[in-house]
Amino acid sequence: MKNVIAFLVLLLVNFCFGQKKFDQKETEKFQKTINAEYADPKTSPLMEEDLKTFKALDFYPINSKYFVNAKFVKAKNEKVFEMKTTGTRTPQYIKYGTLYFTLNGVALQLNVYRNIELSKTAEYKDHLFLPFSDLTSGKESYIGGRYIDLKIPKGNTIAVDFNQAYNPYCAYNHKYSCPLVPLENDLKVEVKAGVKTFH
């Protein structure tokens, strides 16, 4: 009996440490940071006329059901490819892995990518790029889909907070060239979380 209890405790400890909990403060911090960045003429992607009247981005209400602990499966033998963008730029990426999770009772998967150039810098060496589109795209959210920034996980789970999904810069200003969401990352569900469409 003692062995069974010890095993269960061990299982619980491992599971809990592998899993992250939703933190509303983290999402609030994300919203505050992005609003400050967009309000500052030095860092804002906004066009001059929009910047003059900018107060804050429009977000969906923060909702813990859009926070998931996804199963992470690292990709093997992937080749570097040129990701299409809204412009002529073709940055090099590699598929780094696949995330498996459930949202609103639907089993889903998304691929995560690594930017080859960025990964050579100290700041972005652990950075993973998660572009996605969903059934709100082109309606309540930006037609071209949205992005989430992640870090390479230490284990086989990765926390994904869709409340921190943001728009590409080209949603605000045509002078930017932004990666297009790969077709395999189009979700057949509504993700009512993160930044909404602009205007």
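Modeller: A helix here is a DSSP run of H or I at least four residues long, and a strand is a run of E of at least two; both are numbered from the N terminus. The model is predicted.

Biologist: How many helices and strands does the protein chain have?

Modeller: Three helices and seven strands. Along the sequence the pattern reads α-α-α-β-β-β-β-β-β-β.

Biologist: Which element gives the largest share of the lining of the largest pocket?

Modeller: That is α2, with seven residues.

Biologist: What else is known of this pocket, starting with its space?

Modeller: The largest pocket holds about 1,700 Å³. Its lining counts 50 residues, and H127, I148, D149, L150 and K151 lie nearest the centre. Elements giving two or more residues include α1 (2-18), α2 (24-39) and β1 (67-74). Strands β5 (127-132), β6 (146-151) and β7 (157-161) are also among them.

Biologist: How do the lining residues divide into nonpolar, polar and charged?

Modeller: There are 25 nonpolar, 12 polar and 13 charged residues.

Biologist: How confident is the predictor, going by the mean pLDDT of the protein chain?

Modeller: The mean is 91, on a scale from 0 to 100. Of the residues, 91% reach 70 or more. Residues 4-17 fall below 50, and this stretch has zero contacts in the model beyond near neighbours in sequence. Where pLDDT is low, predicted coordinates should not be read in detail.

Biologist: Now the rings. Why is the pair of Y93 and F129 called tilted?

Modeller: The centres lie 5.5 Å apart, which is within the 6.5 Å limit, so the rings pair. Y93 sits in strand β3 (residues 92-103) and F129 in strand β5, 36 residues apart.

Biologist: Are Y93 and F129 buried or exposed?

Modeller: Both are buried. That term means under 20% relative accessible area.

Biologist: What makes the pair of F132 and F162 edge-to-face?

Modeller: The centres are 5.3 Å apart, within 6.5 Å, so the rings count as a pair. F132 belongs to strand β5, and F162 to the segment after β7, 30 residues apart. F132 and F162 are buried.

Biologist: How many aromatic pairs does the structure hold?

Modeller: It holds 12. One aromatic cluster is formed by Y38, Y169, Y172, Y176 and F198.

Biologist: How many of the 199 residues of the protein chain count as buried?

Modeller: The share is 41%.

Methods:
Residues numbered from 1 in each chain as written. Predicted model: local features only at pLDDT ≥ 70, side-chain atom pairs only at ≥ 80, totals over all residues. Heavy atoms only, no water. Contact = heavy atoms within 4.5 Å. 1 Å grid on protein atoms, 1.4 Å probe; cavity = no way out; pocket = protein on both sides within 12 Å on 5 of 7 lines; lining within 4 Å. Points joined across faces, edges and corners; volume = space filled by probe spheres on them. Nonpolar A, V, L, I, M, F, W, Y, C, P; charged D, E, K, R; others polar. Phe/Tyr/Trp six-rings, centres within 6.5 Å; stacked < 30°, edge-to-face > 60°. Buried < 20%, exposed > 50% of the residue type's maximum accessible area, 1.4 Å probe, protein only.
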